[in-house]
Amino acid sequence: MYRIVIADDHGLYRRGLRLALTAGIPGVEILEASCFDAVLSLLAEQASIDLAMLDLNMPGLFNQEVLSGILSAYPDTRFAIVSGNDSRSEILTALSIGLHGYIVKSQRDEEVVMAVNEILSGRIYVPALLSRPGAAQATHVPTPSEHIPHRRTTSGNLGRLTSRQKEVLKLMAEGYSNKEIARDLEIAEATTKIHAAAVLRELGVRNRTEAAVMLKTWLTRDVN
C-alpha cells in the first residue's frame, strides 16, 4: 500500500486530487498538507511516505535550496511538483534539482494517475509537453541564481516566515545549534536544517550571524 502526501493550499484541489488517486490506485493512503510546516511535520512523524506531491506556490517558501534539503533529509521518499505553471524552464529546473517528476494541474485525471504510478515505480515523470516540437530548444537549465531573483532584505521578509520558521530564527539568533533547536522545539534535526535553509533564503542572508544581526535590528526598530 502506498502512502502519498498531497501538499497544496487549495483545499478544493487537494480533495479533487485525492479522489482521482484513490480511484486510480487501489489501497493508496492519502495525507494532506496545506502549508510548508505541515509537509515537514508529516515527513518527520509519519513512517514510510512513498511520495510527496508539492505545490511550489503554497505558503512556506519553497525554493531550490529548501527542496534540495528535503531530498537529502528524506532519501526514501519520492518528490514531485504539482503546478499550474507548464513552462519548460520550470520543469527542467525541477528535474535539475533532483525531483522525481513534474505534474501540471491542467492535466487530465488519468494522466495524473499515470504520472503518479510512474514515479512510484521508480521512474522520472516528465509531462508530454516537453516532447512537443520545439522542446529540444529548451535545453538550458537555469542555475539557482538565474531561477530565483535576489531577494532584497526588508522588514517585510520577516513577515513572510511561517510561525515555525520564526521560532527557528529566534533560536538561531541566540546561538543554538540545529541539534539544540530540534530538541527545544521537539522536531527532527533534519527538519530544523530545512527550516534554517528556508529562513536564510527568505531573509537574503548568507549565514546565521547575518540573520541574527537582522533580527536584532528589526526588534530594536520595533521598540523605538
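Mentor: Axes are lines fitted to C-alpha atoms, for helices over the stretch in contact, and angles run from 0 to 180 degrees between N-to-C directions. The model is predicted, so that local features need pLDDT of at least 70 and side-chain atom pairs count only at pLDDT 80 or more, while totals for chains, interfaces and linings use all residues. Residues are numbered from 1 along each chain as its sequence is written, and side-chain values use heavy atoms, with hydrogens and water left out.

Trainee: What makes up the protein in terms of helices and strands?

Mentor: There are 11 helices and 5 strands, taken as DSSP runs (H or I of at least four residues for helices, E of at least two for strands) and numbered from the N terminus.

Trainee: Why is H2 called roughly antiparallel to H10?

Mentor: Helix H2 (residues 36-45) packs against helix H10 (residues 189-203) at an angle of about 160°, and their axes are 10 Å apart. Angles over 145 degrees count as roughly antiparallel (under 35 as roughly parallel, 65 to 115 as roughly perpendicular, the rest as oblique), and H2 is therefore roughly antiparallel to H10.

Trainee: Which residues make that contact, and how do they divide by class?

Mentor: Phe36, Asp37, Leu40 and Ala44 of H2 meet Thr191, Ile194 and His195 of H10, where contact means heavy atoms within 4.5 Å. By class, this contact has 4 nonpolar, 2 polar and 1 charged residues; Ala, Val, Leu, Ile, Met, Phe, Trp, Tyr, Cys and Pro count as nonpolar, Asp, Glu, Lys and Arg as charged, and the others, Gly among them, as polar.

Trainee: How do you know that H3 and H10 are roughly antiparallel to each other?

Mentor: The axes of helix H3 (residues 64-73) and H10 cross at roughly 170° and come within 9 Å, and on that angle H3 and H10 are therefore roughly antiparallel. On the H3 side the contact is made by Glu65, Val66, Gly69, Ile70 and Ala73, and on the H10 side by Ala190, Ile194, Ala197, Ala198 and Arg201, with 7 nonpolar, 1 polar and 2 charged residues by class.

Trainee: What makes S1 largely enclosed by the rest of the structure?

Mentor: Of the 5 residues of S1, 5 are buried, so S1 is largely enclosed. Arg3, Val5 and Ala7 point one way from S1, and Ile4 and Ile6 the other way. Over the protein of 224 residues, 46% count as buried.

Trainee: How do you know that S1 and S2 pair, and in which sense?

Mentor: They run parallel and are joined by 5 bridges, whereas pairing asks for at least two DSSP bridges; Ile4 stands opposite Ile30 in S2. Strand S3 (residues 51-54) and strand S4 (residues 78-83) also pair in the parallel sense, over 4 bridges, and Leu51 stands opposite Arg78 in S4.

Trainee: What makes a strand an edge strand here?

Mentor: The open sheet of 5 strands has the order S2-S1-S3-S4-S5 with parallel pairing, and its edge strands, S2 (29-33) and S5 (102-104), each pair on one side only. The twist averages 20° from one strand to the next.

Technical notes: Buried < 20%, exposed > 50% of the residue type's maximum accessible area, 1.4 Å probe, protein only.
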